[in-house]
Amino acid sequence: MTESSSAYEYLDNVDPREQARLDAVRRYRLVDQPVEDAYDRIAFVAGALFGTPIATVSLVERDRVWLAACQGLTGVREIGKEPGLCASVIAQDDVYVINNAAVDPRTLEHPLVRGDLGLRFYAAAPIRTHDGYRLGTVNVIDSVPREAHPRQLKALENLAAIVADELELRLMVIRSAAAEQRMRETVN
């Protein structure tokens, strides 16, 4: 092995900004965990607001999108990170809308559009942390094209902000438990 290569070269090739974002995703310890009621309720409300059969709360990891909550897709906890949907939403601060994915150049080749799901409508708001990282999305999905109303999109943004607030509460609990553990180790 040469000095310039490493056994984990794929980890070394991550852009520093993306690595910082991934570190932010991981600090909340929600990926690969069971669905929590708070996120499940947010996904339910998002789907109800839009009248869509599918709604999720997602976290975009390095090579996958983890569904922290999912309404309307049984047994699905992760999907690929292909561009055009969740992975594209986290590249911007605004709500991302695709009215008809079958004709939108951003999604023409996406597996969820071309595959059995037949995704046509997609609207998502990025989940932004208080320190500015975009971790994932609150999104709604339908198999028929549709238009979203500005009030619905604003509600989606607010749901994403609620997820961010829930994540901060989660982080406080994680840090409090770690501090308590350190204190116990010091006393013993």
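Tutor: Start with a term: a residue is buried at under 20% relative accessible area, exposed at over 50%, and partly exposed in between (1.4 Å probe, protein chains only). Helices (H or I, at least four residues) and strands (E, at least two) are DSSP runs, numbered from the N terminus. The model is predicted, so local features need pLDDT of at least 70, side-chain atom pairs count only at pLDDT 80 or more, and totals for chains, interfaces and linings use all residues. Residues are numbered from 1 along each chain as its sequence is written, and side-chain values use heavy atoms, with hydrogens and water left out.

Student: OK. How many residues of β1 are buried?

Tutor: 7 of its 7 residues are buried. The strand covers residues 54-60.

Student: Which residues sit on each side of β1?

Tutor: Ile54, Thr56, Ser58 and Val60 are on one side. Ala55, Val57 and Leu59 are on the other. Both faces are covered.

Student: Why do the numbers skip like that?

Tutor: In a regular strand the side chains alternate between the two faces of the sheet.

Student: Which way do β1 and β2 pair, parallel or antiparallel?

Tutor: Antiparallel, over 6 bridges. Two strands count as paired if DSSP finds at least two bridges between them. Strand β2 is residues 64-71. The two strands form a hairpin with 3 residues between them.

Student: Which residue in β2 is the bridge partner of Ser58?

Tutor: Leu67. Thr56 has Cys70 as its bridge partner in β2.

Student: Is β2 buried or exposed?

Tutor: 7 of its 8 residues are buried, so β2 is largely enclosed by the rest of the structure.

Student: How many residues of β5 are buried?

Tutor: 7 of its 8, so to speak mostly covered; the strand is residues 121-128. β5 also runs antiparallel to strand β4 (residues 96-98), joined by 3 bridges. Val97 stands opposite Ala123 in β5.

Student: New topic. How many disulfides are there?

Tutor: 0. A disulfide is a pair of cysteine sulfur atoms within 2.5 Å. Cys70 is in none, and the nearest cysteine sulfur, that of Cys86, is 10 Å away. Cys86 is in none either.

Student: Are those cysteines buried or exposed?

Tutor: Cys70 counts as buried, at 16% relative accessibility. Cys86 is buried too, at 5% relative accessible area.

Student: Helices now. How many residues does α2 have?

Tutor: 12, residues 16-27. α2 reaches 16 Å from its first C-alpha to its last, close to the 16 Å expected at 1.5 Å a residue. The expected span is 1.5 Å times one less than the number of residues.

Student: Which residues of α2 are buried?

Tutor: Arg21, Leu22, Ala24 and Val25. Seen down the axis of α2, they fall within an arc of 155°, so they line one face of the helix. The arc is that of the directions from the helix axis to the C-beta atoms.

Student: What do they pack against?

Tutor: β1 and β6. Contact means heavy atoms within 4.5 Å.

Student: What follows α2?

Tutor: Arg29, whose phi is positive, near 50°. The backbone oxygen of Arg29 lies 2.4 Å from a polar atom of the side chain of Arg170.

Student: Where does Arg170 lie?

Tutor: In helix α6, residues 150-187. Arg170 is buried, with a relative accessible area of 17%. Not counting residues up to four places away in sequence, Arg170 touches Tyr28, Arg29, Leu30, Gln33, Glu36 and Tyr39.

How values were computed: Polar contact = N/O pair within 3.5 Å; in protein donor to acceptor, adjacent residues only side chain to side chain.
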